[in-house]
Amino acid sequence: MTPTDPSGPAPVRILLCDDHAVVRAGLLALLGSAPGIEVVGEAGGGEEAVALAARLRPDVVLMDLQLGAGMDGIEATRRIVADAAAVTETGAGAGANGKGAHGPYVLVLTTYDTDADITRAIEAGATGYLLKAERPEELFSAIRAAAEGRTALSPPVAGRVMARMRGAGRPALTERERDILGQLARGLGNREIARALFISEATVKTHLGRIYDKLGVDTRAGAVAVAKEQRLLS
């Protein structure tokens with residue numbers, strides 16, 4: 001690990017959690033080259049990460065989502081965040097780094113960027129969500145941001161989050177619009193949809209226009225893609 005200047009600020013203390021030993025070894029080598037960052041522990045599973053986080057009180061837990069058998073990264077995140085909140089409420093004092101009473105922040109580091117994974121991680125209390133494809137400098141920056149309780153998101157993840165926020169106020173689809181969307185997903189054209197639902201083609205076109213507006217798209221393929229992503233199709 002990189003030696004720390006004793007006269008400088010305390011290093012950001014990191015706990016790694018990844019079920020692949022090779023990945024952990026790579027992260028250890030990478031983080032060891034970063035000034036101001038110190039890895040204080042590593043875990044190969046969710047249960048171990050929760051226990052080590054409570055004992056070591058790192059600033060940041062670098063958490064993978066898929067951890068093989070046992071507790072996954074989402075549940076581990078939820079428990080670590082809950083434990084940190086409990087410690088803060090009891091006023092247990094500063095951690096080993098002297099930076100305050102707050103327990104670890106969780107920074108997700110994963111290869112998965114689906115809406116479902118992002119949403120579950122954020123709801124579990126993760127401070128940030130980073131993809132393993134990011135450059136080392138981006139990882140170091142995200143770690144330092146997370147240590148201060150600031151949100152750190154990979155650009156693709158931030159784009160997805162913003163898209164969901166922009167779409168949060170859109171009106172829900174009506175039952176008829178959902179029917180038409182389902183027919184679209186089957187690859188049917190307007191005439192076939194009209195026949196299947198016993199309505200006119202003009203009515204189908206009207207509903208399609210409303211569907212496009214609500215989903216923020218302008219093509220049939222786009223409507224189907226968004227519907228699948230947002231689980232609007234039964």
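**Notebook: cores, helix packing and phi values**

I began with contacts, meaning heavy atoms within 4.5 Å. Residues 24 or more positions apart account for 63% of the protein's contacts with a separation of 6 or more.

I noted what I was reading. This is a predicted model, in which local features need pLDDT of at least 70 and side-chain atom pairs count only at pLDDT 80 or more, while totals for chains, interfaces and linings use all residues. Residues are numbered from 1 along each chain as its sequence is written, and side-chain values use heavy atoms, with hydrogens and water left out.

**Confidence**

I checked pLDDT, the predictor's confidence in each residue, from 0 to 100. The protein averages 85, and 85% of the residues score at least 70. Confidence is highest in strand 3, at 97, and lowest in helix 6 (residues 155-167), at a mean of 71. Over residues 93-101 pLDDT stays under 50, and the model has 21 contacts there beyond four places in sequence. Where pLDDT is low, the predicted coordinates should not be read in detail.

**Overall make-up**

I listed 10 helices and six strands. Both are DSSP runs numbered from the N terminus: helices are H or I with at least four residues, strands are E with at least two. Of the 234 residues, 42% are buried. Buried means under 20% relative accessible area, exposed over 50%, and partly exposed in between, with a 1.4 Å probe and protein chains only.

**The cores**

Next I looked up nonpolar cores (sets of buried Ala, Val, Leu, Ile, Met, Phe, Trp, Tyr and Cys residues joined through side-chain atoms within 4.5 Å). The largest has 21 residues, and Ile-14, Leu-31, Leu-62, Leu-107, Leu-139 and Ile-143 touch the most other members. At least two residues each come from strand 1 (12-17), helix 1 (21-32), strand 2 (37-43), strand 3 (60-63), strand 4 (105-110) and helix 5 (136-147). Helix 5 gives the largest share, seven residues.

I then followed Leu-31. Leaving out residues up to four places away in sequence, Leu-31 touches Ile-14, Leu-16, Ile-37, Val-39, Leu-62, Leu-139, Phe-140 and Ile-143. A second, separate core has 19 residues, including Ile-180, Leu-208, Val-224 and Val-226.

**Helix 1 against helix 5**

How do helix 1 and helix 5 pack, at what angle? The angle is about 80 degrees, with the axes 11 Å apart. Axes are lines fitted to C-alpha atoms, for helices over the stretch in contact, and angles run from 0 to 180 degrees between N-to-C directions. Helix 1 is therefore roughly perpendicular to helix 5, a label for 65 to 115 degrees. Leu-27, Leu-30 and Leu-31 in helix 1 meet Pro-136, Leu-139, Phe-140 and Ile-143 in helix 5.

**Helix 10**

I found Gly-222, Ala-223, Val-224, Val-226 and Ala-227 buried in helix 10 (residues 220-229). Their cover includes helix 7 (175-185) and helix 9 (201-215). Just after helix 10, Arg-231 has a positive phi of about 55 degrees.

Most residues other than glycine have a negative phi. I looked up two residues with a positive value. Arg-57 has a phi near 50 degrees and lies in the loop between helix 2 (46-56) and strand 3. Phe-198 has a phi of about 60 degrees and lies in the loop between helix 8 (190-197) and helix 9. Which is Arg-57, buried or exposed? Arg-57 counts as buried, at 16% relative accessibility. Phe-198 is exposed, with a relative accessible area of 76%.

Key: Angles under 35 degrees count as roughly parallel, over 145 as roughly antiparallel, 65 to 115 as roughly perpendicular and the rest as oblique.
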